[in-house]
Amino acid sequence: MQVRIEAVYRAESRRVLATLIRLLGDFDLAEEALQDAFIAAVEQWPRDGVPDNPRAWLVSAGRFKAIDRLRRRVRFDASVRELAIRLEGQEEDPVTRALEDSVEDDRLRLIFTCCHPALPEDAQVALTLREVCDLTTEEIARAFLVGTPTLAQRIVRAKNRIRDAGIPYAVPERAELAGRLDAVLRVIYLVFNEGYYASSGSALVRTDISTEAVRLGRLLHELLPEPEVAGLLALMLLAEARRPARMTPEGAPILLADQDRTLWDPALIAEGEALVETALRSRRFGPYALQAAIAAVHAEARTADETDWPQIVGLYDVLLRAAPSPVVALNRAVAVAMRDGPDTGLALIDAILERGDLREYSLAHAARADMYRRLGRRAEARDAYAEALAYSTQQAERDFFALRLRELT
């Protein structure tokens, strides 16, 4: 029975929490109610059997446990009296109505609430991982290399902001959806990037974090199959497909051109390519779908030499118009170098750096160094790798730059 209850927890706990937040209107109270509901399940299910609808049972049990908690608190804290009265005044069993409103809608509401633009971006990420993905505070703190107390305070402040500002627990209206969806997608993308290419620390890849981002992307696509949601999910899947080939056994990075493509995951590639096609056919695609289309072109090439660089440059041209940024311009410059030669790419990168863009971005200096290396200009390549090393905070990346420097010495 314990195994069965643990399986129900894994499958249903986030759904139950999302509905309890809607019913109770308070994150902390809902989390306490969820714990109480599962404690009750551990006590009662071995005796009475697992109910036909475990999710509804848990929602109902959690709600009544919350009312009991509030009744006890109301003697000492008048501020909870109104909430207790409101909950006791609800229908005797609101669970049927709650589930008719769709538990999946509750999960979507929870995602949009955690990613509300009124919250700081770091708080959006932390709250989403905690409440939607069920990562512990300690796990999130380790992933983003901050202290557990700092991360816990960040989450508490975010919850207080939601309560004090009256941030609605709701999916935005259609007219507001595009702007709010951008914030949700950005949070998922930030989480994935931190797992796929860690910004600092000893490990290049944090698989647990990138896996959570993919899981969150799948959930969002299931609940809201918009073209850009499909595009972001495709982008993550196509990048994740390359993970087995991205590092040596010692954890050193392997450049895309040098990767063993037989190690790429064909199932993830096929799924990603299908999502890209769906997004592009809609003609309502945006930056994530365009980035996914670029990743799909890479995935289609059986070898690095077979890569369709003209098509990639064309896609970057469109992406640069749709979402101009120095990093996109840098990636386009690298693609142009592969199409037209390193001297052309070098001129583009120098122009980006001369504008002051990416001056402290290690990968910009690394790209410049690679252009010099391909041109046989070893002294300039060494100087550029030294600059990349100076700006890098990622240990595996630093080791790679140091190796390049030794090779050129």
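Trainee: At what angle do the axes of α14 and α15 cross?
Mentor: The axes of helix α14 (residues 287-300) and helix α15 (residues 309-322) cross at roughly 170 degrees and come within 10 Å, which means that α14 is roughly antiparallel to α15, a label used for angles over 145 degrees. Keep in mind that this is a predicted model, where local features need pLDDT of at least 70, side-chain atom pairs count only at pLDDT 80 or more, and totals for chains, interfaces and linings use all residues. Residues are numbered from 1 along each chain as its sequence is written, and side-chain values use heavy atoms, with hydrogens and water left out.

Trainee: Which residues make the contact?
Mentor: Among them are Leu290, Ile294 and Val297 of α14, together with Trp309, Leu315 and Leu319 of α15, where contact means heavy atoms within 4.5 Å. The residues of this contact divide into twelve nonpolar, three polar and no charged.

Trainee: Where is Gln44 found, and what is it in contact with?
Mentor: Gln44 is found in helix α2 (residues 27-48), and, leaving aside neighbours within four places in sequence, Gln44 is in contact with Gly49 and Trp57.

Technical notes:
Axes are lines fitted to C-alpha atoms, for helices over the stretch in contact, and angles run from 0 to 180 degrees between N-to-C directions. Helices (H or I, at least four residues) and strands (E, at least two) are DSSP runs, numbered from the N terminus. Angles under 35 degrees count as roughly parallel, over 145 as roughly antiparallel, 65 to 115 as roughly perpendicular and the rest as oblique. Ala, Val, Leu, Ile, Met, Phe, Trp, Tyr, Cys and Pro count as nonpolar, Asp, Glu, Lys and Arg as charged, and the others, Gly among them, as polar.
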